[in-house]
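Hello,

Here is the structure I promised to pass on. Please have a look, then read my notes below.

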There are 2 protein chains.
Amino acid sequence: MSKPPTIPPLPAALRDSRFMRACRREPVDMTPVWLMRQAGRYMKEYRDVREKVAFKDLCRRPELAAEVAVTAQKKLGVDAGIVFSDILLILEAMGAGLEYVEGEGPVVSQGVTAPADAERLKVADPEALRYVYDAVRQTRAALPPNVPLIGFSGAPFTLAAYLIDGHGAREAEKTRLFMRQHPDAWGALLEKLVKGLTGYLWRQAASGAQALQIFDTWVGVLGPRDYRQYVLPHMRTLVAELPTGVPAIYFGTGTAGILDAMVECEPEVIGVDSRTDLGAAWARCGAVAIQGNLDSTVLFADPATIRRAAQNVLDSAAGRPGHVFNLGHGVLPGTPVDNVRLLVDTVHEASSRM
Amino acid sequence: MSKPPTIPPLPAALRDSRFMRACRREPVDMTPVWLMRQAGRYMKEYRDVREKVAFKDLCRRPELAAEVAVTAQKKLGVDAGIVFSDILLILEAMGAGLEYVEGEGPVVSQGVTAPADAERLKVADPEALRYVYDAVRQTRAALPPNVPLIGFSGAPFTLAAYLIDGHGAREAEKTRLFMRQHPDAWGALLEKLVKGLTGYLWRQAASGAQALQIFDTWVGVLGPRDYRQYVLPHMRTLVAELPTGVPAIYFGTGTAGILDAMVECEPEVIGVDSRTDLGAAWARCGAVAIQGNLDSTVLFADPATIRRAAQNVLDSAAGRPGHVFNLGHGVLPGTPVDNVRLLVDTVHEASSRM
C-alpha cells in the first residue's frame, strides 16, 4: 500500500460537536442523533434524484451524492452526515462484479466459491475508489461547519460473506462453510480485505470524514468462538491501523451473543441493533461508546408511540456518556418523513432534560 | 375448545430415558442428542421417498411420515425421534393457504395484511390435523420402546410472522409493523393462535408424543422490551396450558438478546442456536434445561474438526444437568450422513467420560 495520506487537523467546531464528544464518551448538552440510511427512498428529494440516476451511478457522481447526503442532514437536523455510498463498493476494486437489482439488493458475481477464487481477487486499489473520496470532499464542503461527516465501508467478514454467498443470505451458510473448510484461504482473503479497507478508509478520513463506520451487517450469524477465531484477529488489525483521532464505529445486526467479543477489536463506538437492550450491551461491553438502537418500524407509528419508544431507548442508555442515538438498522422505505423529524426533535428535547 | 384428550401414562423405559431425564434436569449416563431436521434431504432414504411424494403429501401420509422419522432415528442412533411434520401446518386449519415452493420454502396466502384478515381467520380446528396425530401414533409404535418421540408446531409469534410477512422474511418487518400499528388485532390473533395450538399440541401428546417443541424460528427479530410486550403473555398462556409431565422445548434462532425474557414463559427446555455460548445462556436463564447448539456447517468438516467442535459444545455445557445436545438449527442439505453419525457417537462417548 502506498503511504497513508495525511489527516487534516480537526477544526474546533467539529472537534467539540455533540457527535464527536459522544464518540469520545465526553459529556454532551443533549444526545447526538443520526440515522442509518437517513438519505434514502423514504425521502421525496432522494426519490426525485433516483428517478434520473441508478443507485450505482448516484454513488459515482460526487455532486449528486453530496446533494442527497446534505439535503437529508439539513432536513432532519441530525448531528452527523454520512457520505452517500455503499458498503460493497470496494468489491469492484478487488475484481468482483457488483450489481444492484431493484427490489432484490446487491448481487455479487465473480466472487468466491473455491480457494483459487480468493487468490484471484486483488487487494483493492484505493485509487479506484476516488469517486468516493470526491463525494466525501464535496459533502464535507457543503455540510454546516459544526456537523461531522461519517465515512464508511463494509467490514471484512460481511464483504467476504457477499463474495462467498453472492448476496445477502440470512444464514450465510456458504460463508461459514468456506471459513471452516478452507481456513488458510479464508485468512488470506480477510487479510486482503483488511489491506484494501485500510487504504480506503484512510483516504475517506483524509478527504474530510471525521468518523468511520464499519458495517458488519452479517457477522451476527457467528457465535463468539467462531467470531474470535475467524474474524477478530482481522478486525483488530483493521481498527488498529485506522487513523488516530478518527473514531471507528463498528456496527452489526443480531450481535447480542457476540458483543463482548466484537469490542475486543477496540473500536471507539459499537453499533447495536434493536434486539439488544442498551443497558445489557453496556454491561457486557464496558468502556465503549454505544450507538443505537430504536426499532425502525416504530417510525410508522403514531407520534405518542414514537416519543415513548425514543424515551425507552434513552432510559436504557440512562445518561451514560457515549450514547449516539440511532436506529437499530436503516430507515425503511415508506417511513413518513415527519415522523423521522419528530424522532430527532424528541431525542434532543428529552435528552436535554435528563 | 373441546375437552382435552387424556395423556397416556409414561412407561418406565421412556420415563427413565436419557432424553426425558435431561429435560427434567436429572443426572444422565451420557448427554442425550437428537438433531433438528434429522430426517431430511441430506439422507438418501428420505430423498428416495420424496421422489415419489411432495413435501406436503409426505406430512399427510402417516405411514410414510413414520417411515422417514423412524429410519432417521435408527440410522443415527439418536436419543429421540421427532414426528415428520411442519411448523406451519396449523395455518391451513385456520383458513390460510400454505404451499411449499421447491428451493424457496413455505409461502402463505390468504394471510394477514389488515386487522380484518386476522378476524377472518378461525381458531384451528384440532380435528383438521388428525393426520398429524396419526403420524405421531404410527411413529411412536415403530420407535424403540425406550426412545421418546417429540411432537411440535410453530410458536404463536412465528406463525403470525408467516401470516403477515407471507414467507420467511429475515427481518419480519411487516410483522413488527403490524403488531405496533394494530396492537389489539395483534393480541386477538395471538390469542387465536394459542387456542388452536393448545388443542393441537395436547392431541399430539395424547397420541404418543413425550415432549413438545415450540419452534419460534423468527422471534429473534424482537428486542426484550417488544418480546415482553407483544409475545410473552401469549407464550405464558400456551406453556401453562400444555399437559403436565410433557416437557415443552422452546426454540428460537438469533435469540441471544432475549433469552432471559423467553424463559419467563417457563418452558422445561430452552433451545438456542449456535450464536449463543451455552455457558452464557445458562448464566442468563437460570434453572432450565438447554438444548443446542453446534453450528450445522461444522458437519461438512473433517472428523477431527467435528470431534473438536462437539467437545467445545460439551465444554460450554460443562456437565450441568439438563443439557440436550442438538445443532443450532437444522441439518443442512448435502451434509454427509457419516459425519452426522460421527457426531452422535462423539457426543455419547465424550460425555460419558466427563
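The notes cover the symmetry, the sheet and the cysteines.

This is a predicted model.

Symmetry first. Chain B superposes on chain A by a rotation of 180 degrees, with 0.0 Å of shift along the axis and an RMSD of 0.0 Å. That is how a two-fold axis relates its copies. In chain B, the C-alpha of B:Ala256 is the one nearest the axis, 2.6 Å from it. Of the interface residues of chain B, 97% are also interface residues in chain A, so the copies meet through the same surface.

Next, the sheet in chain A. It is open and has 7 strands, with parallel pairing. The order is β1-β4-β5-β6-β7-β8-β9. Strands β4 (residues 149-154) and β5 (residues 211-216) of chain A pair over 5 bridges. There, A:Gly151 stands opposite A:Leu212. Helix α15 (residues 278-285) of chain A packs on the sheet and touches β7 (269-271), β8 (289-294) and β9. The direction of α15 makes about 155 degrees with that of β8(A).

Last, the cysteines. B:Cys23 is buried, at 4% relative accessible area. B:Cys285 is buried as well, at 10%.

Best wishes

Key. Residues numbered from 1 in each chain as written. Chains lettered and ligands numbered in written order. Predicted model: local features only at pLDDT ≥ 70, side-chain atom pairs only at ≥ 80, totals over all residues. Heavy atoms only, no water. Least-squares fit on C-alpha atoms with pLDDT ≥ 70 in both. Contact = heavy atoms within 4.5 Å. Pairing = 2+ DSSP bridges. Helix = DSSP H or I, 4+ residues; strand = E, 2+ residues; numbered from the N terminus. Axes fitted to C-alpha atoms, helices over the stretch in contact; angles between N-to-C directions. Buried < 20%, exposed > 50% of the residue type's maximum accessible area, 1.4 Å probe, protein only.
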